[in-house]
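The sequence and the model come first.

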Amino acid sequence: MVYSRISGTGSYLPANRVSNAELAERVDTSDQWIRERTGITQRHIAADGETTLDLAEQAARRAIEAAGLTPQDIGLIVLATTTPNQVFPSTACMLQARLQNFGGPAFDVQAVCAGFIYALSVADKFVRDGSTQHALVIGAETFTRILDWNDRTTCVLFGDGAGAVVLSASETPGIYSTHLHADGREVQNLQVPFGVSQGYEQVQAGKAFVSMNGKEVFKFAVSALAKVVSETLAHNNIEADEIDYLIPHQANLRIISSTAKKLGMSMERVVVTVDRHANTSAASIPLALDEAVRDGRIQPGHLCLLEGIGGGFAWGSALVRM
Ligand code: ACO
């Protein structure tokens with residue numbers, strides 16, 4: 001039996017850090033409001049001209065190096081993003097060109113903040129069926145480009161960054177299971193309501209920005225994440241206390257705490273980066289994973305539960321032995 005296993009992790013954050021206080025100089029908000037409601041203290045923002053592809057390349061190279069591989073060993077690239085460089089080709093294909101690794105499949109996945117879980121799930125299936133030995137899975141965003149910087153209800157919440165893992169074929173798991181869900185009935189609660197298919201005029205008119213009903217998103221997220229973590233435990237016939245680390249999507253400390261409470265996990269066993277990264281959408285889970293691997297909290301053999309939710313709504317989880 002072939003499984004897939006995370007053989008390397010990497011991440012990258014743009015150099016430019018913006019604190020809540022700095023943001024409060026540009027928009028009617030305060031450090032206190034942002035901290036109390038979300039746990040966020042700062043975010044990284046890509047420099048002018050710095051793109052999703054640039055961030056993805058840095059994270060990808062670090063993950064490949066950590067796996068002890070070269071870009072030529074990678075047989076598949078799956079890149080999760082809501083903020084691709086161009087309408088086409090996919091950012092994954094553009095990354096393939098940067099890595100000088102040609103011929104294998106490369107494509108983007110769009111599931112907003114659940115994008116990395118979706119991409120991981122897809123890549124896991126390719127590795128398991130023998131299509132490739134090593135797959136590169138990336139979550140990369142310049143999410144701050146789709147924010148209305150005059151809308152204080154959204155612009156304080158997000159940041160830019162990228163995280164990546166290499167999945168390698170293994171005789172032992174690895175990824176035990178992934179669980180994906182979507183419910184398209186509540187599109188209006190979290191969306192960018194315009195895109196290229198409705199004509200560039202709307203985009204040019206400055207309407208293609210994130211719009212969100214925060215309270216509804218909050219309620220849906222807490223409930224959906226509680227259900228998907230229960231589903232994951234039941235599917236694998238394990239108890240929550242067998243999990244070493246929870247690596248949640250980093251949207252809001254209150255949503256993260258609620259899932260940890262549901263699992264009966266203390267916050268020491270939860271990887272939290274939202275305070276310093278804010279919500280980096282598809283990048284947030286691999287960014288958090290890489291941080292905890294590199295600082296030594298997550299060790300080989302640890303059992304980790306990854307979960308995330310975003311626009312769609314789309315959500316999911318993965319149970320992973322490191
Ligand atoms: N600074 C200061 N005041 C603000 C700000 C701000 N940045 N934003 C809103 N307010 C004000 C509102 O105008 C309102 O004022 P009013 O009472 O005078 O009308 C007041 O603060 C309360 O606003 P609410 O929207 O009720 O605040 P709430 O407690 O719901 O917190 C928040 C808002 C943080 C967005 C919360 O709803 C939330 O976290 N929702 C989840 C959203 C999320 O995580 N989205 C990320 C994308 S989806 C995902 O990744 C899961």
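1. In strand β6, Ala135 is the bridge partner of Leu76. The model is a predicted one, in which local features need pLDDT of at least 70 and side-chain atom pairs count only at pLDDT 80 or more, while totals for chains, interfaces and linings use all residues. Residues are numbered from 1 along each chain as its sequence is written, and side-chain values use heavy atoms, with hydrogens and water left out.

2. Strands are DSSP runs of E of at least two residues, and helices are runs of H or I of at least four, numbered from the N terminus. Two strands pair if DSSP finds at least two bridges between them.

3. What is the strand order of the open sheet with 5 strands? The order is β1-β7-β6-β4-β5, with mixed pairing. At the edges are β1 (3-12) and β5 (106-109), each of which pairs on one side only. On average, neighbouring strands of this sheet are turned by 20 degrees against each other, direction ignored. Axes are lines fitted to C-alpha atoms, for helices over the stretch in contact, and angles run from 0 to 180 degrees between N-to-C directions.

4. Helix α3 (residues 52-66) lies across β1, β4, β6 and β7 (161-170) and runs at about 125 degrees to β1. Helix α11 (residues 284-294) also packs on the sheet, where it touches β1, β6 and β7, and its direction makes about 90 degrees with that of β1. Contact means heavy atoms within 4.5 Å.

5. Is Ala135 buried or exposed? Ala135 counts as buried because its relative accessibility is 0%; buried means under 20% relative accessible area, exposed over 50%, and partly exposed in between (1.4 Å probe, protein chains only). Leaving aside neighbours within four places in sequence, Ala135 is in contact with Leu76, Ala123, Val127, Val165, Val166 and Leu167.

6. Helix α3 also packs against helix α4 (residues 91-99), at an angle of about 55 degrees and with the axes 10 Å apart. The arrangement of α3 to α4 is therefore oblique, given that angles under 35 degrees count as roughly parallel, over 145 as roughly antiparallel, 65 to 115 as roughly perpendicular and the rest as oblique. Residues making the contact include Leu53, Ala56, Ala60 and Ile64 of α3, and Met94, Leu95 and Leu99 of α4.

7. A second open sheet should be read separately. Its 4 strands follow the order β8-β13-β12-β11, with mixed pairing. Because β8 (175-182) and β11 (245-248) each have a single partner strand, one side of each is left without a neighbour in the sheet. Neighbouring strands here are turned by 10 degrees against each other on average, direction ignored.

8. Within that sheet, β8 pairs with strand β13 (residues 314-321) in the antiparallel sense over 7 bridges, and His179 stands opposite Ser317 in β13. Helix α8 (residues 214-236) packs on the sheet, touching β8, β12 (303-310) and β13, with its direction at about 145 degrees to that of β8. Helix α9 (residues 253-263) packs there as well, touching β11 and β12, and its direction makes about 150 degrees with that of β11.

9. How many disulfides does a search of the whole structure find? The search finds 0 disulfides, a disulfide being a pair of cysteine sulfur atoms within 2.5 Å. Cys93 is partly exposed, with a relative accessible area of 33%, whereas Cys304 is buried at 0%.
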